[in-house]
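Let us walk through this structure together, one feature at a time. Please keep the sequence and the 3D view at hand as you read.

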Amino acid sequence: MGNDLADVLVVGAGPTGLVLACDLARRGAAVRIVDRSPAPPRTSRAKGPNARSLEILDDLGVADEVLAAGSDPLPMLKYRDRLPVAETDPWADSAPSPDAPYDRGRLIAQWRLEEILRDRLAGYGVRVELGREVVGLTEAADGRHVAVTFAEDRTERVRYVVGCDGAHSSVRKLLGIGFEGTTAEDQVMVCGDVDLAEGALDRTRWHQWFDEDGAVMLCPIPGTRTGWWFQAGPERDGRGRPLAPTADGFRRLLARHTALPGRALTRAELLSTYRVNVRMADRFRAGRVFLAGDAAHVHAVAGGLGMNTGIQDAFNLGWKLGLVLAGHAEAELLDTYEEERLPVAARTLDLTSERLRATLEAIRRPGGGLDAAITLDTTGLGVGYRWSSLARAHDEAPRPDETPRPDETPRPNETPRPGDCLPGSPQPGDRAPDAPCVDAATGARTRLHRVFAGPRTTVLGFGPNSAAVLREVAAAYGDTGVRTCRVYAPYEDGARSGPGTAVVDDEGHAAAAYGTGASDDRDTETDTDTDTDTGTRTGTDTATGTVIVVRPDHHLGLSAPADDAGSVHAYLRRLHGAGRPRNGSPALVDAARKG
């Protein structure tokens, strides 16, 4: 193919494209990212990452910066006829838990989030190529690359293309992929970024005026002194048609619905009209070209899942492209992107439409507001892929022909409340729970998601008998994309020697989250003594133990008894080949972070 080929061209430098580019770059892939805008946009638009997206940003190493630049979701102060009538904090009863340290999202302007991600990407030596518009895509006859034509009449070759270029995606249109759905012409909202006179409103609240003849919503933009997100029902002409947004129109809406004078609004920019679109691409892949984010699906804003679903698309696709490009996995692995994410997108369209209906019903009554759109589903913590051919019980063969059609989408897994474990033990396909623990080598506090961090598959071993499987995995794969981690129960003493990482489940949260019962093994052992080489206890009735394979996107791939090494090796071969890199494999450039 030649060394002149880039591995992946990402088209579109919003949050979806930037997350994908960061994930690929840290895997050593030759990634490029282009955007047709001449400069990075300054729009605030999406209000921030939800709990699951924060976990992804944490894995990419930028969560601390996002948390510092943003704010917690704010209580909502609702008004009717200019008077406050109710205040609601949708997260008042929520708190972080051992398996989900992020129980809520974060408010942050989209431009600031993109700035953080661009800086992270630049740390890998990759910068957004601005002012570059894709106008042509042609896959080579041999199927080994894509010729990409840009507006400046220049054609370049790449191995794969991912369209992350929004609802009006040029990539999707060039592929001829359908984007079926509906547009609700009567559900219209005008939006913009505005400045209000300092002290005009309490910036610790999200203010929402809902009247019979219209609405205004003002949410403070974190990191600014006077900036606010402005959303409102539009002004209409004499025939009832919505008028285009203007600064003066925003002032009139402010004066009509709030107790503030119009002059309190001192600036209005990035004005837009939003109509409810519910559409989804009929496929997310055409040969070597993929769609992600709004290019693949758009839906109602209720619940704030637009940007978040795109970020999670990117995190699902990035590791699969990385393993195929590295020569570890076969190209068929890429089929699982659509297999897993298309049903999630279909469910998200249903969920957001349902939440929009609930919100429109709520605001008809005094005291109703946008909190009606927030449910446990909108955290993203319950999304999983139990139907996927990558979700394996230890005694199962893959199920490649069981991908659900969009019209019979299984409901992604749900959590009882933010932070709770899924009902029963997590199953293959589910999100891998977090758990606080102790680094066995240093004694420092850490957590499992820190162990998982970075572009690798993780093999967790619970129980003494898992040590043999972990040694075999470490010998086969070394440091080539698979890490091992022995999870010790608090009563297991000794040197805790062996390959890979080791942590101590000192409070039993890991065993509880994964349903291994490892912390109770002591109660089932008889005739125990200590193995002088490993420091672990042995006995004639010792529990077998459990081995769990965690995919690079923090979803369970396989759970097997420790005496079923064959299932573990078979699963890893599908993702990583037989072990050790082939010639030309790019190196992983982002080691797991400590902490």
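This is a predicted model: local features need pLDDT of at least 70, side-chain atom pairs count only at pLDDT 80 or more; totals for chains, interfaces and linings use all residues.

Residues are numbered from 1 along each chain as its sequence is written, and side-chain values use heavy atoms, with hydrogens and water left out.

Let us begin with the aromatic rings. A pair of aromatic rings is described by the distance of the centres and the angle of the planes. Here, rings of Phe, Tyr and Trp (its six-membered ring) count as a pair if their centres lie within 6.5 Å, and the pair is stacked with planes under 30 degrees apart, edge-to-face over 60 and tilted for the rest. The structure holds 7 such aromatic pairs. In one of them, the ring centres of Phe-230 and Phe-250 are 4.1 Å apart and the planes lie at 15 degrees, so this pair is stacked. Phe-230 belongs to strand β12 (residues 227-232) and Phe-250 to helix α6 (residues 247-257), so the pair links distant parts of the chain, 20 residues apart. Helices (H or I, at least four residues) and strands (E, at least two) are DSSP runs, numbered from the N terminus. Both Phe-230 and Phe-250 are buried, where buried means under 20% relative accessible area, exposed over 50% and partly exposed in between, using a 1.4 Å probe and protein chains only.

Another pair, Phe-284 with Tyr-337, is tilted, with 6.2 Å from centre to centre and 45 degrees between the planes. Phe-284 lies in the loop between β13 (265-281) and β14 (285-286), and Tyr-337 is in helix α8 (residues 335-362), so the pair ties together parts that are 53 residues apart in sequence. Phe-284 and Tyr-337 are buried. Ring pairs also link Tyr-160, Phe-284, Phe-290 and Tyr-337 into a cluster.

A charge sits over a ring if NZ of Lys or CZ of Arg is within 6 Å of the ring centre and within 35 degrees of the ring normal. Elsewhere, Arg-42 lies over the face of Trp-111, at 3.5 Å from the ring centre.

Next come some strands. Two strands pair if DSSP finds at least two bridges between them. Strand β18 (residues 436-439) runs antiparallel to strand β19 (residues 445-447), joined by 3 bridges, and Cys-437 has Thr-446 in β19 as its bridge partner. The hairpin of β18 and β19 has 5 residues between the strands, and Gly-443 there takes a positive phi near 80 degrees. β18 also pairs with strand β22 (residues 501-504) in the antiparallel sense, over 2 bridges, with Val-438 opposite Val-504.

How do the axes of helix α1 (residues 15-26) and helix α7 (residues 306-325) cross? They come within 8 Å and cross at roughly 25 degrees; axes are lines fitted to C-alpha atoms, for helices over the stretch in contact, with angles from 0 to 180 degrees between N-to-C directions. α1 and α7 are therefore roughly parallel (under 35 degrees; over 145 is roughly antiparallel, 65 to 115 roughly perpendicular and the rest oblique).

Finally, Gly-125 lies in the loop between α4 (110-122) and β5 (129-130). At 64% relative accessibility, Gly-125 counts as exposed.
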